Each structure stands twice: as structure tokens, then as C-alpha cells.
Amino acid sequence: MTASGTHTGPHAGNGDDLDVEEALALVRAPEADQNNRADATGHPEHPHPHGHEGATSWPRAREIAARAARRAARRPVVSVALGDALGLVLAAPLDALSDLPSFDTSAMDGWAVAGPGPWQLRDGGVLAGHAPPEPLTDGEAVRIATGARVPTGVTAVLRSEHGRTGPQDRLHALGEMSHGQDIRPRGQECRRGDQLLPTGTLITPSVLGLAAAAGYDTVTVVPRPRAEVLVLGDELLTEGLPHDGLIRDALGPMLAPWLRALGAEVIAVRRLGDDAKALRKAITTSRADLIVTTGGTAAGPVDHVHPTLNRIGAELLVDGVAVRPGHPMLLARTKADQHLVGLPGNPLAAVSGLITLAEPLLRALAAHPEPEPYRTPLGEAVRGHAHDTRLVPVVLRGERAVPLHYSGPAMLRGIATADALAVVPPGGATQGAGTELLDLPWTTAGIGVCFT
């Protein structure tokens, strides 16, 4: 959203981005916000299960989601091949299995020399990965490649550009040399048994390289959280153009890759329609750590999520969040080791639910550290809701965050080109105000991988 007034250009906002309730709330006088308080357990002090009153504040909702994951039944650690470990977290220290390097090696292409020069060149050369070379005696030199094992008796390596050969295969240095020059001695980086990385380290490409260099084929990690998506609604089409009151399902194609980008293993995407029995069976038989439902979180005649959670004895941890879009979202504990995030049916509202509840839950399940918050000045003023936080898609232009057009609850056109979501507090934010940004997972780590 952008500030009130007339704007032009691709990023300008207008009232068309707002639903009726939001538009009215933006022009109401701010009221005492007594509805955002929650008790120590995260339950609203004045619960209204299907309404907006008593909704949990946005920061509090995220805290509850992260804490719920930390209190869940502990999942067993697993051993995975290096090729499958990217983005996971070490569940055991990475200790050196051998000295690194495991033998004295040449740090440069050049000549291995013994004693002071000039040196008599020996035929042949020493290459990386070949059999141990013959020892050298003082006054001898031999060609050597980077990474090759240094022969016994060698005192230094003379770089190719620092030496010249003369008559009768004599090698001369072009400058001063020091003992051990350009030799990587055994154990220079670590000795066997040294701790290279502690438990809790995020596995990046560099960590994979270090593990391989240290001799690991597998690593012990916190497993990826398993997620299952249940798409609700009889009005949804899976192909073709919208027609006869039916609309295309935007969430089914979007949620699975988004959850993968948040670090989850998506085990299924199932379309259930508006069927209470099918929903109950899907929830009670799911093997996922996190179940994500779409739509059905309000109080309409076919909104089955609340009644189903009540029937199976689920514990409702968050029932409505003071955030726009997406305030009808919910979080429930369905089993000791399983949670359900109920997303609103509108696409951008569902994205808000993912960021608000699913992201901190998955992050804590995967033992990822919480990212450091950061602020960026806004390129334009952003209107605020009277009492709710607003999540507004923005693009980064230089050192400014520019709010995007087409950012209403049912719209995806803005978020499709966004770099981040701006966290706009109740009452709004002025142009130039430093505003917290939430990076979208693929803007920092690539599609399908999340390091945060």
C-alpha cells in the first residue's frame, strides 16, 4: 500500500488494493488497542473464535509459533549424504577425521628444491595424486604441481615465476627464498580430532566443502520438517480458465514450492474440497510435522477447520492474528509432534499466514537461527491499519523499499515481483521511515533452498 493521495507509476497504490473492511479501518480514528493482548500461553485474553476481536498481535503470534515447535516432541536426528545436506543444521559436531592437509603439499606450481641453490634439475616431475616421490638431496630440484606431495628432503617450493633454468639443467632463484616457502605442512589447517564446526551450524556450500575435505561422506543433521498441504474449497479449478463461478486454485501450485523454500520436505498436496469428513481423516492420518490448510478458517457454512480441530481435541494456540492481510489465520497443536497452520483462502492473505506462522514454526523445527531483523527507509508513505500490523510487498531500489501496487488480500501480482515484505505498524509509516523488512526466501538463498 502507498500513502493516501494520487500516485502514478508502476508502484503506486490505491484503494482498489483494499477489501471493504480494510478500507474502512484505515479511515477510522485509532481506538485503544485492547484486543491484541495475549496471556502467557499465547491464547487471547478475550477469545472470539471466528471473529477478529481478541486476535493475537503479529509479533506475539510469531513467538508462539516458534515456541510451539521448540516444545514439540523431539525428532530423531538423521545421517544424510553430503549431497542431501544443503540447508540443514548439524546435529553433531564436525570433528576432523584426519590431519588437514594429511601430508606436506605444494602450495604452488614450480620446483621442489632441497638446500640452497642453484639446483640440479631431476628428470620428470611430481604430480598430485601420484605415488610418493623419490627423496631429494641437497642441491637437487624437481618439477612439482600444486597439491602434490612434497618429497622427503625438500626445504621449499620455488614458484614457476620466481625461477629460471640455465645451461646443464641448472635452476636459479630470481630472489630470496625462505625455509618452508610455499609448502602447506601436514596439519596446517587442523589435526585429527579437532572440532571444525559445532552442533547447530547451518550447512552451506562451504560447509559441504569442508566436510568433504575432512573425509566425511555423510553428516548427522536435524531432519527437514515434513509438511502436507490440504487445499480446501469446492470452487477451485486445477486447469483451464475460470468459469461459472469457479476460480483457478492459486494456492495449490504456490504453497509446496514456498514451503520447500522455507526448508520443509513437502510430502503431499491434497485437494479435499469442502468436505468435513475428508478433512478430519486427512488431519488424523497425516504423517507430517506441519499440516497447512487453505481456506475454511472463518465461520461460514462450509468453513470446517475450526469444528474439525475441536472434534479431534486439537489445542488452539493462535486463533486470529492482528495482521492485514490474513487475520483469520490459526495455529493448532494436533499431536505432541504435529501442528496445523490454517491459512485464509485469499492468496496474499495465505502468504501472510505462511510468513507469520509457518515460517517461524519450520525454522524452529529445523533448528535454524532466527535471522537478525533489519530496517530500510520507505520510498513512499504507507497507510496503516487502525490497530493491525500490515505486511506490504516491496521492491528494493537502491537504499529504499518501494511499496508495490496490486497488494490486496486476493492479489498476487504485487508479491510476484517483490523482494520483501515491509512490516508496517498500526497507524502506518511515513516516507523515509526505517521499516522492518522480511526477505522472501528465494531472494537470499535461491529457489528451493533456505538458509535462514
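## Strands and their pairing

Two strands are said to pair if DSSP finds at least two bridges between them, and helices (H or I, at least four residues) and strands (E, at least two) are DSSP runs numbered from the N terminus. This is a predicted model, in which local features need pLDDT of at least 70, side-chain atom pairs count only at pLDDT 80 or more, and totals for chains, interfaces and linings use all residues. Residues are numbered from 1 along each chain as its sequence is written, while side-chain values use heavy atoms, with hydrogens and water left out.

Strand 22 (residues 330-335) and strand 23 (residues 338-343) run antiparallel and are joined by five bridges, and Leu 331 has Val 341 of strand 23 as its bridge partner.

Six strands form an open sheet of mixed pairing, in the order 18-15-19-23-22-20. Strand 18 (265-271) and strand 20 (315-319) stand at the edges with a single partner strand each, so one side of each is left without a neighbour in the sheet.

## The nonpolar cores

A nonpolar core is a set of buried (under 20% relative accessible area, 1.4 Å probe, protein chains only) Ala, Val, Leu, Ile, Met, Phe, Trp, Tyr and Cys residues joined through side-chain atoms within 4.5 Å. The largest such core has 50 residues, of which Leu 255, Trp 258, Leu 259, Leu 331 and Leu 357 touch the most other members. Helix 7 (residues 347-365) gives the most to this core, contributing eleven residues. A second, separate core of 19 residues includes Ala 85, Ile 203, Ala 211 and Ala 214.
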